[in-house]
Amino acid sequence: MSMKAVFLDYATMGPGLNLAPLQVLFPALGLFDNTTDEDLAERIRDVEFIFTNKVRLSGARLREARSLRFIGLTATGTDNIDLESAKEQGIAVANIRAYCTRSVVEHVIGTLLMLTHGLDRYNEAVRAGEWQRTTEFCLHAYPIREVAGMTLGIVGYGALGQGVAAAATALGMKVLVAARTDATQIPADRVSFDELLERCDVISLHCPLTAQTRGLFNRTTIGRMRQGAILINTARGALIDSGALVEALRSGQLFAAAVDVLTHEPPVTGDPLLEYRGANLVITPHIAWATDRARQNAIDELAANVAAFLAGTARNRVV
C-alpha cells in the first residue's frame, strides 16, 4: 500500500523542477499549487507525509492530521511549524540546509554593488537621455563607492553568513561577526551586537526569526548604526521594523538598504517599505534563494531527508 503524501504549496518552488527524486518515493504524490487555511484540514487529514515551504501548520491543524508521520520543509526556517506540538505528537520535522548558499551570496553581493555603484540609477539616467545631454564622455550624476576597505557585519553565521563573509573578504572588505544577542560572553572571533552596529559600513542579516530577533533592527538599534551605512536583509522581514527603516533612509541616517523579505508575504497594502519611493531602497520579491540550481537542490534535499527518515536515520531533523 502506497504512502500518502502531499506538497501543499508547490507553486512556491517555481517552474521547471525535476520531481523524480520525490516521485520515486511517492508515485501518487499530491501536488497543490497553494493551500489556504480553509483547504488545509481536508488536505492533511489522512496523509502520512506533508511537504511545504511556507504553509502554516499550527498545533490545532497538526492534531487534525491523525496519520501524519513526517513534515518536510523546503526551507531552512521553521517558524511556520508548531514544533512543540509536532514533538508532542511524535511527528518528525526536517528542514533543508545549505541548499541555496551560492544563490543568496550572489544576491547579497550583487545588491551591495548595485547600491554602492548606483547601477540602477545610472541605467535609468541613460534611458532618460541624461548621458546624451552631457558634454563629457561620462556621466557623474551619483556617487560611486568602492566596497574594498569597508567593514561588513554579519548577523547570523551559519552557511549563508559564512558564504557572504568569504565573498566579502575576496572583495577586500573587513568582516565582523555578531555574537548572539543573548550571549553572556563574547567569543574571541565575534563582536557584541552593539559593537557591530557602531563599526560596520554594511550589515547583512542571516539569522532566523525568533522571539529574540523579531524587531532586532528597530528605531533604537538602527539609530546606533554608523552614519551612511547600508542594511541588507535576505533572512526574514520581521527582523526589521519597516517604519524605522524608512525613517532612517529618508533622513540619511542610512545610505541605502536592500530587502528581499517583508513582514507579510505577499505584501499587504500600506507596508511602509512599499510606499517609500526613495532611490536608496531596493526591494526584491523573496528571490535571493531562487536560482534554478538552488530550487532543484531544495527538492533533492527534501527527497534525501524523506529517504533517511524511511531508513530510520535522522537527517536535518529539527524534531
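Me: In what order do the strands of the open sheet of five strands stand?
Reply: This is a predicted model, in which local features need pLDDT of at least 70, side-chain atom pairs count only at pLDDT 80 or more, and totals for chains, interfaces and linings use all residues. Residues are numbered from 1 along each chain as its sequence is written, and side-chain values use heavy atoms, with hydrogens and water left out. Strands (E, at least two residues) and helices (H or I, at least four residues) are DSSP runs numbered from the N terminus, and two strands pair if DSSP finds at least two bridges between them. The pairing in this open sheet is parallel, and its five strands have the order β2-β1-β3-β4-β5.

Me: Which strands stand at the edges of that sheet?
Reply: An edge strand here has a single partner strand, so one of its sides is left without a neighbour in the sheet. The strands in this position are β2 (30–31) and β5 (92–94).

Me: Which residue of β5 is the bridge partner of Phe 70?
Reply: Strand β4 (residues 70–73) runs parallel to β5, and three bridges join them. Within β5, the partner of Phe 70 is Ala 92.

Me: What is the average twist from one strand to the next in the sheet of six strands?
Reply: This second open sheet has parallel pairing and the order β7-β6-β8-β9-β10-β11. Its edge strands, β7 (174–177) and β11 (281–283), each pair on one side only. From one strand to the next, the twist averages 15 degrees.

Me: Are the residues of β9 buried or exposed?
Reply: Ala 229, Leu 231 and Asn 233 point one way from β9, while Ile 230 and Ile 232 point the other way. Relative accessible area, found with a 1.4 Å probe on protein chains only, decides the class: under 20% is buried, over 50% exposed, and in between partly exposed. Of the five residues in β9 (229–233), five are buried.

Me: Which residue of β10 stands opposite Ile 232?
Reply: On one side, β9 pairs with β8 (residues 202–205) in the parallel sense over four bridges, and Ile 232 is the bridge partner of Ser 204. β9 also pairs in the parallel sense with β10 (residues 254–259), over five bridges. In β10, the residue opposite Ile 232 is Ala 258.

Me: Through which helix does the chain cross from β9 to β10?
Reply: This β-α-β crossover is right-handed: with the strands pointing away from the viewer, the path from the first strand over the helix to the second runs clockwise. The helix on this path, residues 242–251, is α11.

Me: Which residues is Leu 245 in contact with, leaving aside its neighbours within four places in sequence?
Reply: Leu 245 lies in helix α11 and counts as buried because its relative accessibility is 0%. Contact means heavy atoms within 4.5 Å. With those neighbours left aside, the contacts of Leu 245 are Ile 222, Leu 231, Ile 240, Leu 254, Ala 257, Val 259 and Leu 273.

Me: At roughly what angle do the axes of α5 and α8 cross?
Reply: Axes are lines fitted to C-alpha atoms, for helices over the stretch in contact, and angles between N-to-C directions run from 0 to 180 degrees. The axes of α5 (residues 101–117) and α8 (residues 159–170) come within 9 Å of each other. The angle at which they cross is roughly 50 degrees.

Me: What is the relative accessible area of Arg 127?
Reply: Arg 127 lies in helix α6 (residues 119–127). Arg 127 is exposed because its relative accessible area is 70%.
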